[in-house]
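Have a look at the structure first, then read on.

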2 protein chains.
Amino acid sequence: MAQQHLDPTDPRTRPVGTDPTGDTLAGYLRAQATEFLRALRLHRETGSGANGSEASAEAARALRRSARRISASLHTFQPLLDSDWCESMRPELAWVSGTLAMEHAYTARLERLLTALHRLSGSTAFPSQAAGADGPASPRARDAGARATATAATAAPERGNLTVGAAKAGALLDRQLTLARTRAHSTALQALGSSRFHAVADKVAVLASEVPLRTTAAATDLRPHATAAEERLRDAVTALPLVTAGHPYNAAALVHGLSPDTVPHPQDAPWHQVRLLLRLHRYAREALTGPKGNAVVDLRLLSAGQALNQHRDASEAAAAAAQAARTPRIAPATAYALGVLHADQRHEVEAARFAFQQAWQKETVSAS
Amino acid sequence: MAQQHLDPTDPRTRPVGTDPTGDTLAGYLRAQATEFLRALRLHRETGSGANGSEASAEAARALRRSARRISASLHTFQPLLDSDWCESMRPELAWVSGTLAMEHAYTARLERLLTALHRLSGSTAFPSQAAGADGPASPRARDAGARATATAATAAPERGNLTVGAAKAGALLDRQLTLARTRAHSTALQALGSSRFHAVADKVAVLASEVPLRTTAAATDLRPHATAAEERLRDAVTALPLVTAGHPYNAAALVHGLSPDTVPHPQDAPWHQVRLLLRLHRYAREALTGPKGNAVVDLRLLSAGQALNQHRDASEAAAAAAQAARTPRIAPATAYALGVLHADQRHEVEAARFAFQQAWQKETVSAS
C-alpha cells in the first residue's frame, strides 16, 4: 500500500528505464537551486516597495517554493549528501522561507478574517475601513469611523451595536494585522539585504552547478529514503483522531476554546506536523522523477494537503481573533464579534479535519 | 410512498379488521382527555412550590402532552368534528400547553448553555455560581464571585481574563434565565388557577365522555385526513434547503450571525414549521390506531423529530447568548465568551439540520 506512489514500474512517477539514484537527486537539487536564483533575480528586478507589487510577491513565493524543496531534499535524502553541508544549510533555508512567508501569511489571515466578518454580518459592503477601531492608537481610523458608528447606533439602538461590533472588530484586526504585515515586510527586506542571506545565496549558487554528493551516492537507490518519508507521514496520520474527524459536527475543535491554556490550541499541533510530513512526502516523490520534478499530481494527496493548509490558516486566524479580543479597552460589542469570529474559525478548523479525513480515506481505500 | 405508514393492511398501525373512522377518533380523544384530567389531578396533588418537585414537573409534562394531542387531532380531523367547538377549543389548548412549556424551556436552555460553557472552557468544575456576573443587579452574586475572579485574574494575568469571561458569562446567563424561569413558573401557577383554565378543564372533562362528532363522522374514513397531514409535512420538507444541510460544514447557520436583523434567525423559521408539521403527522398516526394511540414507533421519524427538537433548542440558546451580550456594562471578556457561545450554538443548529437531513434521507430511501 505504501509503495503505491513509488512503484518503479509505474511510468507516471519516473522516466522508464532509469533507477532514481544520487544523480537523479543531484539533477533535482540543481534545478531547484537554479529556480531559487531565478526567483531571487526577479525579486530584485521587480522592486520591493512597502506595498509589494504582484510580480514581487510572485517572486517571493517562487523563492520560498524552491527553498522548501531544497531543504526537504536535504532532510529526506541526507544519507546521500555531505552531512556537514546539510546541517549548515537546512536551518538557513528554513530561515529564508520562514522570513519570506510572514508577510504573505498576515495578508492572507486578514483577508480570511474580514471575509468571515462579511459573511457573519451579512453586509455586502462591509465598512471595515470606515468604522473606528476600539482600543488605544489609530486616531485616524477613529475619526474616520465616528460618523458611520454613530449613524448605525442611532438607526438600530437596541440591536445595532452588534453590527457596529463586527465593523469595529474588522477595523481592529485590520489595524493589528496590517501593522504586523508591514513589520514582516521590513523584516523580509532586511533579511534579503543581510550578509546572512548573501551567504545562503552564495551556497545555493554553488549548488546550482555542484551538488555535494557522497561518493557512494551514485549507486544508492533514492526510493527507500522516499518510502521512509512516506512511512513517517503514515505513522503520524495514524496517530490523528481520524474517527472523530470523520464524524461531522463533532465539536472537537472548539473544545477548550475558552480555556486560558489553549491559545494556540495544542490539539492542532499533530495536524500541523502531518502537514509538514505530507509536504516532505510530496517533495520526495518529486525528487524521484528527476531534474524537473514533474511527478504526476496525485489529486488525493493534493486535496489532503489543501485541507491541512486550510487547517493551519483557520487555526492561526482563530488565534488572531482571540488575540485581538485581549486588546485593552475594547467595547463589549467588539469583543462579542471577535468571540463569534474565533468560534467560526475554530469550526473551519474542524471542517478542514473532516475534509482531510475524507481525502485520506479515499486514498487508503483506492490504494489497498 | 406517502401511504407507507397508513396502509390499512399493515397490522402494525391498527387493529386488524377495523377501518379507522370517527369512532376511532372519538376513542383516541376520550383517552387523551382522560389522560389530561389524570395529569391535572396529579399536578394538584404533587403541589406547585417555587422549585417544582420532580412529580409536579412530570405531571405538567403529561398535561402538555395530552393537550398537544387533543389540539393536533382537532386540527387534522376537524371535518369530522363540530367546527364551532374545534375553533373555540384549539387556541385554549395551545395557551395551556404553551404556558406550561415555558418553565421547562428556560430550565433546559440554561442547562444547555452552562454545559456548553463547561465544554468550551475546559473546566471540570465550572464556577458558574461562584463568579460574579457583569451588569446591573445581583450584588449577592457579585460579592460571592469577587474572590474567585480576582484569584483567576492573578493566576493568569494575560490570558486568564477569557476564562473569567466564561465564568461571568455563565453567571450572567444563570441570573437571566433563572429569573425568566421563576416568572414562567408564577405565570403557569396563575394560569392553572384562572377561570380561563377552569373553563378549558371543564370542556376536557366533557370530552372525556362525549366527543362532539358530526353526524357523518362514524362513516368517515380518518385516513385521507392523516394522509393530508403527512403531505403537508412532505411539502414543507421539500422547501427546506436539504442539499446544503446534507453537506457537512456548510457554515449556513452562522451566516448573518452578526447582522442586526437576525435575532432570532429568520432562516430557522421553516425548520421550526417542519417540526410542528412532523408532530401533527405523528399524532395523526397515533389517532388512527385507536384509543391508546399505540402506533409502532417509526425510528426514523423519531430521529428526524429529535433532530428538529435539537434545532429548536440550539436556536433559542444561541438567541439567549446573543441577548445576554446586550446587557449593559458587561466586561469585554464576558461579551467575548458569549460570542463564542452564540457561534457554538449556531453550529449546533447546523449540526441538527445535518442530522435531520440524514434521518429524512433514510426514510425516503427505504420508503420508495
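Helix H1 (22–45) and helix H3 (83–121) of chain B are among what covers the buried residues of H6(B). Keep in mind that this is a predicted model: local features need pLDDT of at least 70, side-chain atom pairs count only at pLDDT 80 or more, and totals for chains, interfaces and linings use all residues. Residues are numbered from 1 along each chain as its sequence is written, while chains are lettered from A and ligands numbered from 1 in the order in which they are written.

**Helix H6 of chain B**
- Val200(B), Val204(B) and Leu207(B) are buried in H6(B) (20 or more other C-beta atoms, placed from the backbone, within 10 Å of the residue's own).
- These residues cover an arc of only 50° around the axis, so they sit on the same side of H6(B); the arc is taken from the directions from the helix axis to the C-beta atoms.
- Over on the other side, Ser195(B), His198(B), Ala199(B), Asp202(B) and Val206(B) are exposed (12 or fewer such atoms).

**Where the chains meet**
- 38 residues of chain A are in contact with 38 residues of chain B (C-beta atoms, placed from the backbone, within 7 Å).
- On the chain A side, the elements giving two or more residues are helix H3 (83–121), helix H5 (160–193) and helix H11 (332–367) (helices being DSSP runs of H or I, at least four residues).
- H11(A) gives the most, with 14 residues.

**Symmetry**
- Chain A superposes on chain B by a rotation of 180° with 0.0 Å of shift along its axis (RMSD 0.1 Å), fitted by least squares on C-alpha atoms of residues with pLDDT of at least 70 in both.
- The two copies are therefore related as by a two-fold rotation axis.

Technical notes:
Two residues are in contact if their C-beta atoms, placed from the backbone, lie within 7 Å.
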